[in-house]
Amino acid sequence: MLIIEEDSFVEGASNNRINKLERYSRVKYPNSFIDFLKTYNGGVPVSKKLKAHNNEYVVERFLCLVDSPNDSPLGAYDIAVVLTQLGERLQSPELEYGDELIPIASLFAGNFVCMDYRESKTNPKICIWDHEESEDFAPATYFIANSFEEFIDMLELLE
């Protein structure tokens, strides 16, 4: 069961903000992720360890959606802000509009957990985006889960 640190998250994401980013990205967020954004928007998980591909990762924080990123203490962790900062490093060369990789959590050392929409615009898989291996229009990703729920179930307590 996922537990989020008290006082680590901001007010739940608004329907307007969620819909706006979905339209901009041309994707549909899974209902479980929308529910998460409305409850634990930008939260820090107590269970932070993620084992995948013979590596261990630490989830520092889930990203958030806030109406005014410049006025929020977690504005730097807003999904749209992170999408803008990473820009072309999250996109394939053949993509004309929208987004294929949506960052949802920051990992220790600069990587991100992302929803991967390259195969489906409605049922994203979950992957790790590797910042050191990615280049403009050539994102390096590693599959970790078939769904947001499966990803959440993978998180473990640090020892």
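**Exercise 1.** Which strands does helix H3 (residues 79-86) lie across, and at about what angle does H3 run to S3?

*Solution.* The model examined here is a predicted one. Begin with the position of the helix: H3 lies across strand S3 (101-107), and also across S4 and S5. Then take the direction, where H3 is found to run at about 100° to S3.

**Exercise 2.** Work out the order of the strands in the open sheet, and explain what sets its edge strands apart.

*Solution.* The open sheet has 6 strands in the order S1-S2-S3-S4-S5-S6, and their pairing is antiparallel. At the edges stand strand S1 (49-52) and strand S6 (141-145), and because each has a single partner strand, one side of each is left without a neighbour in the sheet. From one strand to the next, the twist averages 45°.

**Exercise 3.** Follow strand S4 (residues 112-116) to its two partners, S3 and S5, and describe each pairing.

*Solution.* Take S5 (residues 125-129) to start with: this strand runs antiparallel to S4 and is joined to it by 5 bridges. Within this pairing, Cys 114 stands opposite Cys 127 in S5. Turn next to S3, which pairs with S4 over 5 bridges, again in the antiparallel sense, with Ser 106 standing opposite Phe 112 in S4. S3 and S4 also form a hairpin with 4 residues between them, and in its turn Ala 109 has a positive phi of about 85°.

**Exercise 4.** Decide whether the residues of S4 are buried or exposed, and say which way they point.

*Solution.* Sort the residues by direction: Phe 112, Cys 114 and Asp 116 point one way from S4, whereas Val 113 and Met 115 point the other way. Residues in both groups are buried. Since 5 of the 5 residues of S4 are buried, the strand is largely enclosed by the rest of the structure.

**Exercise 5.** Determine how helix H1 (residues 15-25) is placed relative to H3, and which residues make their contact.

*Solution.* The axes of H1 and H3 come within 11 Å and cross at roughly 25°. Angles under 35 degrees count as roughly parallel, and the two helices are therefore roughly parallel to each other. On the H1 side the contact involves Arg 17, Leu 21 and Ser 25, which meet Ile 79, Ala 80 and Leu 83 in H3.

Methods: Residues are numbered from 1 along each chain as its sequence is written. This is a predicted model: local features need pLDDT of at least 70, side-chain atom pairs count only at pLDDT 80 or more; totals for chains, interfaces and linings use all residues. Side-chain values use heavy atoms; hydrogens and water are left out. Two strands pair if DSSP finds at least two bridges between them. Axes are lines fitted to C-alpha atoms, for helices over the stretch in contact, and angles run from 0 to 180 degrees between N-to-C directions. Contact means heavy atoms within 4.5 Å. Angles under 35 degrees count as roughly parallel, over 145 as roughly antiparallel, 65 to 115 as roughly perpendicular and the rest as oblique. Buried means under 20% relative accessible area, exposed over 50%, partly exposed in between (1.4 Å probe, protein chains only).
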